[in-house]
Amino acid sequence: MISLGVECTAHTFGVGLVEDGRVLSNERDVYKPALGSGIIPMEAAKHHDQVSGTILENALSKAGIGLGDVDVFSVSCGPGLPPCLLSGVRFAVRVAKGKPVVPVNHCVAHIEIGKLDSGCKDPLTLYVSGGNTQVMGLEKKRYRVFGETLDIGVGNALDKFGREVGLDNPAGPEVEKTAIGGRYVELPYTVKGMDLAFSGILTAALRRREKVALKDLCFSFQETVFSMLCEVTERALAHTGKLEVMVVGGVAQNRRLFGMLTDMSKAHGAKAYAPRPEWCGDNGAMIAYAGLLAFRHGSRERMEVQPRWRTDSVAINW
Ligand code: AMP
Ligand code: MG
């Protein structure tokens, strides 16, 4: 059975084709805001409308199939930016031409493609991206959220910080490079119960910009936010007793974060996993794959744009 998935929640427009558990193609184009600006939702949606036709054609030709060969369509319905979600949903419904269209939760898709690519089975998942930061694990047929950000996603914090100090966008990889060999200066560490907040550290780091070398600031920013993420993940790991820790989302590409999670997991007799970089960030194949799982197991989710769609509201029937 061939599944076509559309990703559209924020800056990425992607189309992926999956046949059972095998990815046939995975094409995407990423909206880049003007220098010094963050993502403008209406602009990102316009980007999606502009590139969607070409991305679809490329995905089909790389897979060597036609639209008529697709059995089921899927689209990321949330969480995300409303204009972007609307653009993707309209596109998916249009190209499906009456064939089934499955609504997919973006966070669930990250977990499923992460498991497929990294080979773990029942991980405690740390999902760290531009807009999202959540610690989740499967309990009683739902991906329960054990902890999450109370304000912005950790990737967003890194990007905003980078933008203000003149690094390239997206800044996550630039901060990682600049941090090498840096020294630690203290920054606010904000873990509240099992939840996290990143806006305080962002403000504090920018205030120290004049007096602290950029390398030291990047190092300290990373050490602080990654320690916060590890602390919450560790407590969820101890609580659930899981034996696998998986990190997904764009920030999962960071080697320092993965190293810290690996050490923490070892201390609990668990193992850390991360999918390859292609599967860390937003992509269409993860939507196609999660959509196929849902379709085969009789998904009953509502087909509508859901900007605040909670991961733990989705029944995981597979
Ligand atoms: P996503 O929202 O999942 O597409 O991921 C995009 C986010 O990942 C952006 O905020 C990037 O700055 C961040 N990112 C990408 N690579 C890295 C890296 N090596 N270290 C930290 N953050 C990264
Ligand atoms: Mg994402």
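Mentor: Let's go through the ligand site, then a few strands.

Mentor: Some ground rules: this is a predicted model, where local features need pLDDT of at least 70, side-chain atom pairs count only at pLDDT 80 or more, and totals for chains, interfaces and linings use all residues. Residues are numbered from 1 along each chain as its sequence is written, chains are lettered from A and ligands numbered from 1 in the order in which they are written, and side-chain values use heavy atoms, with hydrogens and water left out.

Trainee: How many residues surround ligand 1, and which are the closest?

Mentor: A residue is near a molecule if one of its heavy atoms lies within 4 Å of it. Here 18 residues surround ligand 1, and the closest are Gly130, Asp159, Gly172, Glu176 and Gly250. By class, that shell has five nonpolar, 10 polar and three charged residues; Ala, Val, Leu, Ile, Met, Phe, Trp, Tyr, Cys and Pro count as nonpolar, Asp, Glu, Lys and Arg as charged, and the others, Gly among them, as polar.

Trainee: Why does ligand 1 lie between domain 1 and domain 2?

Mentor: Domain bounds come from an automatic or database domain assignment. Domain 1 (2-111 + 280-313) and domain 2 (114-278) both give residues to the shell, so ligand 1 lies between them.

Trainee: Which polar atoms lie 2.7 Å and 2.9 Å from an oxygen atom of ligand 1?

Mentor: For a ligand, a polar contact is a pair of N or O atoms within 3.5 Å. A polar side-chain atom of Asp159 is 2.7 Å from a ligand oxygen, and a polar backbone atom of Gly250 is 2.9 Å from one. The protein covers 91% of the 500 Å² of accessible area that ligand 1 has on its own, by the Shrake-Rupley method with a 1.4 Å probe.

Trainee: Is strand E7 largely enclosed or open?

Mentor: Strands are DSSP runs (E, at least two residues), numbered from the N terminus. Buried means under 20% relative accessible area (1.4 Å probe, protein chains only). Five of the seven residues of E7 (residues 133-139) are buried, so the strand is largely enclosed by the rest of the structure.

Trainee: What does E7 pair with?

Mentor: Two strands pair if DSSP finds at least two bridges between them. Five bridges join E7 to strand E6 (residues 124-128), antiparallel, with Leu126 opposite Val135. E7 also pairs with strand E8 (residues 142-148) in the antiparallel sense, over six bridges; there, Met136 has Val145 as its bridge partner.

Notes:
Polar contact = N/O pair within 3.5 Å; in protein donor to acceptor, adjacent residues only side chain to side chain. Buried < 20%, exposed > 50% of the residue type's maximum accessible area, 1.4 Å probe, protein only. Helix = DSSP H or I, 4+ residues; strand = E, 2+ residues; numbered from the N terminus.
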